[in-house]
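Hi,

Here is the structure I promised you. Have a look through it first, and then read on for what turned up.

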Amino acid sequence: MTTFNKKIALITPPLLEDIGHHPLFPPLGLAYMAAVLDQRGFEVKIIDCPINRYDYNKLGSELASFEPAIIGIGSMTPIAEASFQSAQTAREVCPDAQIIMGGPHATFQGKDILTTEKAIDLIVRGEGEETLLELANQPLTGKKLCDIKGITFRKDKEIIQTPTRPFIENLDTLPWPAYKFVPIEKYWVQGQKLLSVITSRGCPYQCPFCVASQMFGQQFRARSANNVLKELEWLRNEYGAEGVAFQDDTLTFDKKRATDICDGMIERKINLRWGCGTRADVVTKELLEKMAKAHCDEVMFGIESGCERMRASLKRGVTNAQCENAIKWAKDAGMFVTVSVILGYPGETKESLQETLDFVRKIEPDDAWLCHATPFPGTQLRETVEKNGWKMSENWKTYSTMNAIFEDPKLPAKEIAQMRKQFYDKFYSVSYILRQANKGYVKGNIYSKIMARTAVNYNLWRIMSVFHR
Ligand code: B12
Ligand code: SF4
């Protein structure tokens, strides 16, 4: 029988020091691939640098002692530089390993990455489970790289892109994420053990600022309610989860399935607090009430604009009235409601921006993410900015949605940033702090607790910056 090195390391790169950080969530994508590889007899190690506070030296020593045959690295655009640096570290300590990069950034930038990043051998595009397994099995099957779908690789001086791999049709066939390889005891939010779950992939909408449908397909592929409920019970019983964050793009796209999940959570007394994101046009009052009954205490709506003209450019197909209704229903049901908004999309004017900010103020969400329109690789937005010949940042670190990335000659980036700041200066008011403190400390909503503190810190920072001018 042929024996070969079956060790595979999967890496989330160390944190970049000079960019803002989100709360850390377990690396679901890596945990899914680890589960598939583990099931097929591979020896897997996830090196989760951010949560362990590993730097490149520690990453190097972890890799050197494991001696993997394959090293897989995840990538999101703002942390691309950390992924590249991780690849260099990996190449230094494991010169013979095959170094693979996957995730949303690599999927759309494969050719450029392979041109400049010599430490990286190969890119996996889109869904990784089946492709990585095929690559891992290569010593056994002898399959040539050009016969493996969904990859981009270097061959002599050429860069070869194989055909796109069909998406996994039945997500119930996937094993649940192998959290046993992740230090999940470290993923606590406000003293609550919060794990991530994803119940669907793919998005039928085509929002021009988003890569969801290019990454995971235009068809909404969903796990069955029963499969999801069993995973929730497993997370609670096996890992002591107290809450879960549903990472679906649009959890309630199929309202019947969402209702079945909620009914199951109630009937089976799953008792996990949870949050999710969705669109205002795929919820009803009844569904939101049921979600609250099933312990949903946070919902995020991508409303994107308050100006109907801009929302049409953003291809949202949702009206202000639908947004207002959904937010009211969710708040009435007792949930913490976040809205996300895109500022400065091509066609935006000072007036449309003001209309959006006024709309957000009017609907009074518990939190508002005001994101600068960001031309991520693979988006139609990037194509538009390129076609218009506008100045655009190529420094991936700036792609956090907190900064303007391109300069629309009709609406200076500086002006957008100023209006954004003015919005937050007013939004995090004393009455906001009192409202969130009441919802958080009296009624027990953890998101409100976090926001009460965030708003206090924001105001302290504003006061301090006056003295430091
Ligand atoms: C959870 C989440 C986060 C979490 C944590 C992410 C984490 N720990 O994985 C937080 C809150 C930190 C976050 C932040 C941001 N996020 Co985010 N996030 C998500 C979300 C909702 C789910 C990710 C997930 O778990 N997916 C499920 C798993 C199964 O998919 P996956 O992670 O992509 O992994 C699969 C493949 O990509 C591939 N793969 C991934 N890594 C690797 C590695 C190898 C070696 C291989 C072979 C394959 C492979 O195989 C995996 C299995 O199929 C996605 C949307 C989505 N539906 O995916 C957006 C998404 C990834 N985020 C996005 C964005 C824009 C951001 C932010 C920039 C902006 C923002 N305001 O939120 C910040 C940037 C953070 C930073 N500093 O880098 C974009 C990515 C765009 C891009 N080019 O990078 C996405 C795709 C949303 C979208 N539709 O536009 N995010
Ligand atoms: S923003 Fe949401 S609805 Fe639009 S394409 Fe992306 S995931 Fe789909």
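Strands E3 (residues 70-73) and E4 (residues 98-101) run parallel and are joined by four bridges, with Ile73 sitting opposite Met101 of E4. Strands here are DSSP E runs of at least two residues, helices are H or I runs of at least four, and both are numbered from the N terminus. Two strands count as paired if DSSP finds at least two bridges between them.

Before going further, a word on the source: this is a predicted model, in which local features need pLDDT of at least 70 and side-chain atom pairs count only at pLDDT 80 or more, while totals for chains, interfaces and linings use all residues. Residues are numbered from 1 along each chain as its sequence is written, and chains are lettered from A and ligands numbered from 1 in the order in which they are written.

Back to the strands. E3 and E4 belong to an open sheet of seven strands with mixed pairing, in the order E2-E1-E3-E4-E5-E6-E7. At its edges are E2 (43-48) and E7 (158-161), each pairing on one side only. On average, neighbouring strands are turned by 20° against each other, ignoring direction. Helix H6 (residues 129-136) lies across E1, E3, E4, E5 and E6, at about 160° to E3. Those angles are between N-to-C directions, from 0 to 180 degrees, with axes fitted to C-alpha atoms (for helices, over the stretch in contact). Contact means that the C-beta atoms of two residues, placed from the backbone, lie within 7 Å.

There is a second open sheet, also of seven strands with mixed pairing: E8-E9-E12-E13-E14-E15-E16. E8 (188-189) and E16 (367-372) each have a single partner strand, so one side of each has no neighbour in the sheet. E9 (residues 192-197) runs parallel to E12 (residues 243-246) over four bridges, and Leu194 has Gly243 in E12 as its bridge partner. Helix H9 (residues 225-239) packs on this sheet, touching E9 and E12, and its direction makes about 145° with that of E9.

Now the ligands. Ligand 1 is surrounded by 37 residues, the closest being Leu28, Gly29, Gly72, Gly102 and Gly128. A residue is near a molecule if its C-beta atom, placed from the backbone, lies within 6 Å of it. Helix H1 (28-39) gives the largest share of that shell, four residues. By class the shell has 22 nonpolar, twelve polar and three charged residues. For these classes, Ala, Val, Leu, Ile, Met, Phe, Trp, Tyr, Cys and Pro are nonpolar, Asp, Glu, Lys and Arg are charged, and the others, including Gly, are polar.

Which residues are around ligand 2? They are Cys203, Tyr205, Cys207, Cys210, Ala212, Ser213, Asp249, Thr250, Arg279 and Gly302.

As for the domains, the chain divides into domain 1 (7-161) and domain 2 (188-427), with bounds from an automatic or database assignment. Both of them supply at least three residues to the shell around ligand 1. Between the two, 19 residues of domain 1 are in contact with 17 of domain 2. On the domain 1 side, helices H4 (80-93) and H5 give two or more residues each, and H5 has the largest share, five residues.

Cheers
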